[in-house]
Amino acid sequence: MSEPDFTASEMAELRARAHEGDHDALDQLVELAGSRNDLDELRSLADAGSSDAVDILVELAGERGDREELQRLATAGSQDAADILEEMDS
């Protein structure tokens, strides 16, 4: 199943809806960003409080062995990121 292509204006609309508290729009943004490995979008969503975006960032950073990203996430409160860092150090 392929992800639909969204125009810039459709993405802006989706972001606006998510910002206004539309959980469906937020979920869709997280899913799209994850499928595209769009780290900037995921970081933005995570910084806005999306735990799903944090989970995907942790997963992607762990797969890449990205210690810097994992440290950033752990410092922001992600126990999963801290756990992965601990595993990497053992």
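**Contacts and packing in a predicted model**

User: Leaving aside its neighbours within four places in sequence, with which residues is Ser78 in contact?
Analyst: The model is a predicted one. Ser78 sits in the loop between helix H5 (67-75) and helix H6 (79-89). Once the neighbours within four places in sequence are set aside, the residues in contact with Ser78 are Val54, Val58 and Leu73.

User: Is Ser78 buried or exposed?
Analyst: The side chain of Ser78 has a polar atom 3.1 Å from the backbone nitrogen of Ala81. A residue is classed as buried under 20% relative accessible area. The relative accessible area of Ser78 is 10%, so Ser78 is buried.

User: What secondary structure elements does the chain have, and in what order do they run?
Analyst: The chain has 6 helices and 0 strands. From the N terminus on, the order of the elements is α-α-α-α-α-α.

User: At what angle do helix H2 and helix H3 pack?
Analyst: The residues that meet are Leu26, Leu29, Val30, Ala33 and Gly34 in H2 and Glu41, Leu42 and Leu45 in H3. By class, this contact of H2 with H3 comprises 6 nonpolar, 1 polar and 1 charged residues. The crossing of the two helices is left-handed. The axes of H2 (residues 23-35) and H3 (residues 39-47) lie 8 Å apart, and the packing angle is about 145 degrees.

User: What distance separates the end C-alpha atoms of helix H4?
Analyst: Helix H4 covers residues 51-64, which is 14 residues.

User: Against which helices do the buried residues of H4 pack?
Analyst: The buried residues in H4 are Ala53, Val54, Leu57, Val58, Leu60 and Ala61. Beyond the helix comes Gly65, with a positive phi near 70 degrees. The buried residues of H4 pack against H2, H3, H5 and H6.

User: Which side chain is joined to that of Glu69 by a polar contact of 3.0 Å?
Analyst: Glu69 belongs to helix H5 and is buried, with a relative accessible area of 6%. Leaving aside neighbours within four places in sequence, Glu69 is in contact with Arg43, Leu57, Ala61 and Arg64. The polar contact of 3.0 Å joins the side chain of Glu69 to that of Arg72.

User: How is Asp83 classed by its relative accessibility?
Analyst: Asp83 is part of helix H6. The relative accessibility of Asp83 is 31%, so the residue counts as partly exposed.

User: Among contacts between residues at least 6 apart in sequence, what percentage join residues at least 24 apart?
Analyst: The C-alpha trace of the chain spans about 45 × 25 × 20 Å along its principal axes. Of the 90 residues of the chain, 30% count as buried. Among contacts between residues at least 6 apart in sequence, the share that joins residues at least 24 apart is 24%.

Conventions
Residues numbered from 1 in each chain as written. Predicted model: local features only at pLDDT ≥ 70, side-chain atom pairs only at ≥ 80, totals over all residues. Heavy atoms only, no water. Helix = DSSP H or I, 4+ residues; strand = E, 2+ residues; numbered from the N terminus. Buried < 20%, exposed > 50% of the residue type's maximum accessible area, 1.4 Å probe, protein only. Polar contact = N/O pair within 3.5 Å; in protein donor to acceptor, adjacent residues only side chain to side chain. Contact = heavy atoms within 4.5 Å. Axes fitted to C-alpha atoms, helices over the stretch in contact; angles between N-to-C directions. Left-handed = near helix turned anticlockwise from the far one by under 90°. Nonpolar A, V, L, I, M, F, W, Y, C, P; charged D, E, K, R; others polar. Expected span 1.5 Å × (residues − 1).
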